[in-house]
Amino acid sequence: MAERPEDLNLPNAVITRIIKEALPDGVNVSKEARRAISQAASVFVLYATSCANNFAMKAKRKTLNAGDVLAAMEEMEFERFLEPLREALEVYKKGQKGKKEVSEQKRKDKEKKAGSDNDKSREEEEEDDHMEEEEPPEEEAEEEEVEN
Amino acid sequence: MAATVVTAAVPTEHDSDRCGSEEENRGAEAAEESRQQQTGPAAAATHNRLSKLPLARIKALMKSDPDVSLASQESVFIIAKATELFVEMIAKDALVYAQQGKRKTLQRKDLDNAIEAIDEFAFLEGTLD
């Protein structure tokens, strides 16, 4: 379903929450100001995406990656974001790795039930090696937002 | 056609919630692993979901750009996070103008003033209704 950029707004409740948490208590935000900030946020996403995409294209890649976005932030003069973004990315990556391990573990458990007990430990080691190989950066390119 | 990403039409908020609880579980392990790093951000992240904005919506916005073919999950997350930081920043910068006008309510004109005055917001000029 084709969405026009204008139709894709970010959820008002979330934008409002972010604003409120950034401002001191007792400060209010008019509806118009909130709407403008929400619009600005959408424009920011589009601009950042376009900028990041330029870096990807320069590197002859079809897939936008985290590095492209960080480079875009610098290009857009939002260097102040780089540090917190890198930290958040680390936590995010660990979380993603954990999720993969969980689904790997579930798969292993199913196989164990079908297979014999003797092969268990050998299988585990092989599976672990397998996992290392399966997790190169490009793996992020697989578009399945499984959890989403 | 280049590989298109079809995100199922599932309510994004619910998806985020699901992600959130799973991330919290994983996050506990991650926090232990990253003990040498500061526990502040990591601890905070395990209690909140990592991104307040729904990744599916962010991704849809990104894909509305015809030049964008594929985007890694990480890149979507970082853009979401950066957008959060952006909202915080512009709200705070606009507040300065409200305070100058001795007001406690942020108004549209405060936004306009901030956009005009601050270099980083130049890209917004002429884009808001």
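This is a predicted model: local features need pLDDT of at least 70, side-chain atom pairs count only at pLDDT 80 or more; totals for chains, interfaces and linings use all residues.

User: In what order do the elements of chain B run?
Analyst: Chain B also holds five helices and two strands. Starting at the N terminus, its order is α-α-α-β-α-β-α.

User: What share of the contacts links residues 24 or more positions apart?
Analyst: Taking contacts with a separation of 6 or more, such pairs account for 40% in chain A. In chain B the share is 45%.

User: Let's zoom in. Is B:Ala82 buried or exposed?
Analyst: B:Ala82 counts as buried because its relative accessibility is 0%, and the cut-off for buried is under 20%. You'll find B:Ala82 in helix 4 of chain B, residues 73-100.

User: What does B:Ala82 touch?
Analyst: Leaving out residues up to four places away in sequence, B:Ala82 touches A:Phe44, A:Met73, A:Phe81 and A:Leu85.

User: And how far is B:Ala82 from B:Ser51?
Analyst: In sequence, B:Ala82 and B:Ser51 are 31 residues apart. In space, their C-alpha atoms are 9.7 Å apart.

User: New topic: charges. Which residues gather in the patch of negative charge?
Analyst: The patch sits on the surface and brings together A:Glu74, A:Glu75, A:Glu77, A:Glu79 and B:Asp119.

User: Where is A:Glu75, then?
Analyst: A:Glu75 is in helix 3 of chain A, which covers residues 66-75. A:Glu75 is exposed, as its relative accessible area is 53%.

User: What about the phi of A:Glu77?
Analyst: A:Glu77 has a positive phi of about 70 degrees, although it is not a glycine. A:Glu77 lies in the loop between helix 3 and helix 4 of chain A. At 44% relative accessibility, A:Glu77 is partly exposed.

User: What is the phi of B:Lys102, while we're at it?
Analyst: B:Lys102 has a positive phi too, about 55 degrees, and is not a glycine. Look for B:Lys102 in the loop between helix 4 and strand 2 of chain B. With a relative accessible area of 78%, B:Lys102 is exposed.

User: Switching to salt bridges: how many are there over all chains?
Analyst: The count comes to 13.

User: Can you show me some? Which residue does A:Lys93 meet in a salt bridge?
Analyst: A:Lys93 meets A:Glu90, at 4.0 Å from N to O. Both lie in helix 4 of chain A, three residues apart, which is about one turn of the helix. A:Lys93 is partly exposed at 35%, and A:Glu90 is partly exposed at 33%.

User: And which residue pairs with A:Glu111?
Analyst: That's A:Arg107, and the salt bridge is 3.0 Å, N to O. A:Glu111 and A:Arg107 are four residues apart in helix 4 of chain A, again about one turn. Both are partly exposed, with A:Glu111 at 30% and A:Arg107 at 37%.

User: Over in chain B, what does B:Arg103 form a salt bridge with?
Analyst: The partner is B:Asp110, and their closest N and O atoms are 2.9 Å apart. B:Arg103 is partly exposed at 21%, whereas B:Asp110 is buried at 0% relative accessibility.

User: Last one: which residues are joined into one network by salt bridges that share partners?
Analyst: The network joins A:Glu21, B:Lys52, B:Lys81 and B:Glu84.

Note on methods: Residues are numbered from 1 along each chain as its sequence is written. Chains are lettered from A and ligands numbered from 1 in the order in which they are written. Side-chain values use heavy atoms; hydrogens and water are left out. Patches are made of residues with over 30% relative accessible area and no salt bridge: like charges are joined within 9 Å, nonpolar side chains (Val, Leu, Ile, Met, Phe, Trp, Tyr) within 5 Å. Accessible areas come from the Shrake-Rupley method with a 1.4 Å probe; for residues, only the protein chains shown count as cover. A salt bridge is a side-chain nitrogen of Lys or Arg within 4 Å of a carboxyl oxygen of Asp or Glu. Lys and Arg count as positive and Asp and Glu as negative; His and the chain ends are not counted. The place of a charge is taken as NZ of Lys, CZ of Arg, CG of Asp or CD of Glu. Buried means under 20% relative accessible area, exposed over 50%, partly exposed in between (1.4 Å probe, protein chains only). Contact means heavy atoms within 4.5 Å.
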